[in-house]
Amino acid sequence: MQGALELLGQNVNERVLSALVCISPNENLPEQETRLMPRTLDSQITMEKTPSYFVTREAPRRISSMSPDTKLIVVVRNPVTRAISDYTQTLSKRPDIPSFEELAFKNRSLGQVNTSWNAIRIGMYTLHLENWLQYFRLSQFHFVSGERLITDPAGELGRVQDFLGLKRVVTDKHFYFNKTKGFPCLKKPESSASPRCLGKSKGRTHVQIDRDVIEQLRDFYRPFNIRFYETVGQDFRWD
Ligand SMILES: Nc1ncnc2c1ncn2[C@@H]1O[C@H](COP(=O)(O)OS(=O)(=O)O)[C@@H](OP(=O)(O)O)[C@H]1O
């Protein structure tokens, strides 16, 4: 994601879950008429990436009062995989934390999921989105599938470029599949002459989680996922 969006001239990445990118629309209007973030240069739209905005209660109101016509891009991924990815990342920095199962449940035998744990809470996308929809229209959002970003990065990036009103400059020819990394990589980023994959912290092997735990979390997320698909009008096929 990061490398791919760098091709759009910006540094945009996230733990494919809920990246939020705010972008001023590409309109040819004088600035005072647009209520937008200023352009970076005449020919450049301004992008900013702060993943945590998507799950921060005050963010939509603040962004809307600054720039109500902002375009918003959210990268979403199966929330169960997202939670495991999140945990894997934390564990790599703090190996002494409790097990995933201990953190994910208040009471596992009663099926009580710990929704106050961020790794769980962030994946309840519909709740966060509902907060944003009090301030922004759905048409201001574009949702990127974290799964398709891996299997078809050019297709996913093509849709991002369309949403931004940009010419489709980033295409299939910019990517190749790197067998060692197990992910798509950039053939030749603008800043360098050689191919570039994302760093070691992207695409790590996940901690092994018990099948039953995964099933319980799938069941937990299902109603939230369905509500999310209905709201955005897209089925991300996580179930
Ligand atoms: N091309 C390519 N290369 C490597 N990784 C890729 C790529 N495309 C998407 N992904 C998925 O991106 C996940 C990491 O997301 P972020 O870079 O957003 O994470 S971070 O929060 O900034 O650390 C990372 O999640 P994990 O697999 O859980 O590590 C990857 O699955």
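Where is the place of T205? T205 sits in the loop between β8 and α10. The model is predicted. Its secondary structure comes to 10 helices and eight strands, and 31% of the 239 residues count as buried. Among contacts between residues at least 6 apart in sequence, 63% join residues at least 24 apart.

**Helix α4**

- Helix α4 spans residues 79-93, which is 15 residues.
- From its first C-alpha to its last, α4 reaches 21 Å, close to the 21 Å expected at 1.5 Å a residue.
- The buried residues in α4 are P79, V80, R82, A83, I84, S85, D86 and Y87.
- These buried residues pack against four helices: α5 (100-104), α6 (118-121), α7 (125-132) and α10 (211-232).

**Packing of α4 with α10**

- Two packed helices are described by the angle between their axes and the distance between the axes.
- For α4 and α10, the axes come within 9 Å and cross at roughly 125 degrees.
- The two helices, α4 and α10, are therefore oblique to each other.
- On the α4 side the contact involves P79, V80 and A83, which meet I214, L217, R218 and Y221 in α10.
- By class, this contact of α4 with α10 has six nonpolar residues, one charged residue and no polar residues.
- An α-helix has 3.6 residues a turn, so residues three or four places apart point the same way.

**Annotated binding site**

- The UniProt annotation "binding site", from an unreviewed entry, covers R77, S85, K202, G203, R204, T205 and H206.
- Of these annotated positions, S85 is among the buried residues of α4.
- R204 is found in the loop between β8 (183-186) and α10.
- R204 counts as exposed because it has 12 C-beta neighbours inside 10 Å, and the cut-off for exposed is 12 or fewer.
- T205, also placed in the loop between β8 and α10, has 7 C-beta neighbours inside 10 Å and therefore counts as exposed.

**Backbone at R237**

- R237 lies in the segment after α10.
- The phi of R237 is near 55 degrees, a positive value in a residue other than glycine.
- Most residues other than glycine have a negative phi.
- With 11 C-beta neighbours inside 10 Å, R237 counts as exposed.

Methods: Residues are numbered from 1 along each chain as its sequence is written. This is a predicted model: local features need pLDDT of at least 70, side-chain atom pairs count only at pLDDT 80 or more; totals for chains, interfaces and linings use all residues. The expected span of a helix is 1.5 Å times one less than its number of residues. A residue is buried if 20 or more other C-beta atoms lie within 10 Å of its own, exposed if 12 or fewer, and partly exposed in between; C-beta atoms are placed from the backbone. Two residues are in contact if their C-beta atoms, placed from the backbone, lie within 7 Å. Axes are lines fitted to C-alpha atoms, for helices over the stretch in contact, and angles run from 0 to 180 degrees between N-to-C directions. Angles under 35 degrees count as roughly parallel, over 145 as roughly antiparallel, 65 to 115 as roughly perpendicular and the rest as oblique. Ala, Val, Leu, Ile, Met, Phe, Trp, Tyr, Cys and Pro count as nonpolar, Asp, Glu, Lys and Arg as charged, and the others, Gly among them, as polar. UniProt positions are given in the numbering used here, feature names are shortened, and annotations may be inferred rather than shown by experiment.
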